[in-house]
Amino acid sequence: MDAAKSLSAITVDSDYDPNSMPVAKAREYIRAFLTPITTVERLHIRAALGRVLAEDVRSTMNVPANDNSAMDGYAVRFGDLAANADATLKIVGSSFAGRPFEGGVTGGQAVRIMTGGVIPTGCDTVIMQERVKVADGNVIVPGGQQQGQNVRRAGDDIRQGATVFKRGQIVRPAELGMIASLGIGEVSVYRKLRVAFFSTGDELVPIGGTLGLGQLYDSNRYTIYGMLTRLGVDAIDMGAIRDDPAAIETAFLEAARAADVVITSGGVSVGEADFVKQLLAKLGDVLFWKIAMKPGRPLAYGKIGLAHFFGLPGNPVSAMVTFYQFVREALLVLMGVPEPAPLPTLKAICTSAIKKAPGRTEFQRGILSQGTDGAWSVRVTGDQGSGILSSMSQANCFIVLPDAQANTPAGATVDVQILEGLL
Ligand code: AMP
Ligand code: MG
């Protein structure tokens, strides 16, 4: 697929069926039209936590910078030691972390050394203090030592000249530490992705308001806010918009002007889609899909002006599932991560029997736990209705049942996507 093509061009693909779109195919189509951020800013490394590197980070030095000791003990010259007998060496000084031994060490001498202490010139081996005897200013080293033992070599962690991180790497605590260990205080990262989102529906009442008959509080705006904030984007809350063509048009135009990405919930299911469809046909280049999945069938995807657009279903569970299955990875690509890691997946024994028809992917909400034997097992949370948001709160994983799968008996092995840390 050619990213320069307009989205509507994919509708002539021979296997394109908007009314039965396989999960993998939808991901592929979305992927082909993403244009990542290019604007770069330089930040102090602390401020770069959670951001995406916009340049490779190269090492101008060895880490550690010098050969140093991995143990508390004595630095010696291996050539002074005997293979099968004690060697007696004169202790001529000490090398502590940050306080090196300044002189050189010659035959028959040793230096007291602590963990992190620089290996004195002439020495090549460290003997653990537990292995030696000390008497009259001498250290007595038994035979059977290995040359180079207990020495951490310069560059063991990071070699001078190495590419330590590639552009597109997310900066996590370990990366912050590595960058600091190179003495680098500032890095170039991509600017934050701006994501505007709003809810649609005449039945929605903002929190703080009073519910009339048939009304409900707008919860999607909070789950979406939470999922976006966890990803590290600038989340721009544009409120809840009535099912009114003029109001929705204004909201789409404002959102597309304000942000790189527009996310809506509700209004894309059958019956509602019609006027949104006409509106989006006028404002942009948007495709409406029924994904072969449960929950979360309707999904709209496209561009409004320069902004990427995701129209999520209104059902609270469907909105979250479609976000995690399609939007999360797409946003990471837009943030500058070329190959985002998929949600961590493992295999587990499913202790619940699950009814399922083949032909669609199901994302059942599951509770994964480890038995006393260390094996992972998973059970469903209970009612799997797409309006049961408590199923997402109880769950720590999705049980993923692929298209071809039919009913799953209790005891079967299933794939599980871990949500811990994402939710
Ligand atoms: P829709 O996709 O607009 O047809 O909505 C499907 C279902 O999701 C309806 O029962 C809505 O009431 C519910 N819903 C839509 N938007 C929200 C929202 N923002 N918060 C909670 N529930 C919603
Ligand atoms: Mg609606």
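This is a short exchange on how terms are applied in a predicted model.

Trainee: Why is Asp 136 called exposed?

Mentor: Its relative accessible area is 78%. The cut-off for exposed is over 50%. Asp 136 has 78%, so it is exposed.

Trainee: And why is Asn 150 called partly exposed?

Mentor: Asn 150 has a relative accessible area of 21%. Buried means under 20%, and exposed means over 50%. The value of 21% lies in between, so Asn 150 counts as partly exposed.

Trainee: What makes S5 a partner of S9?

Mentor: The test is again at least two bridges. Strand S5 (residues 87-95) and strand S9 (residues 138-141) have four, so they qualify as a pair. The sense is antiparallel. Lys 90 stands opposite Asn 138 in S9.

Trainee: What makes a set of residues a nonpolar core?

Mentor: The members must be buried, of the listed residue types, and joined through side-chain atoms within 4.5 Å. The largest such core here has 54 residues. Ile 263, Trp 289, Phe 323 and Leu 331 have the most contacts inside it. Helix H6 (residues 316-335) gives the most to this core, with 13 residues. Apart from it lies another core of 21 residues, including Ala 251, Ile 304 and Phe 309.

Trainee: Which residues does Ile 263 contact, beyond its neighbours within four places in sequence?

Mentor: Among them are Val 195, Phe 197, Ile 224, Leu 228, Phe 310, Phe 323 and Val 327. Contact here means heavy atoms within 4.5 Å.

Trainee: Where are cis peptide bonds found?

Mentor: One joins Val 63 and Pro 64, with omega about -5 degrees. Pro 64 is in the loop between strand S2 (57-58) and strand S3 (68-69). Another runs from Lys 294 to Pro 295, with omega near -5 degrees. Pro 295 is in the loop between strand S19 (293-294) and strand S20 (298-304).

Methods: Residues are numbered from 1 along each chain as its sequence is written. Chains are lettered from A and ligands numbered from 1 in the order in which they are written. This is a predicted model: local features need pLDDT of at least 70, side-chain atom pairs count only at pLDDT 80 or more; totals for chains, interfaces and linings use all residues. Side-chain values use heavy atoms; hydrogens and water are left out. Buried means under 20% relative accessible area, exposed over 50%, partly exposed in between (1.4 Å probe, protein chains only). Helices (H or I, at least four residues) and strands (E, at least two) are DSSP runs, numbered from the N terminus.
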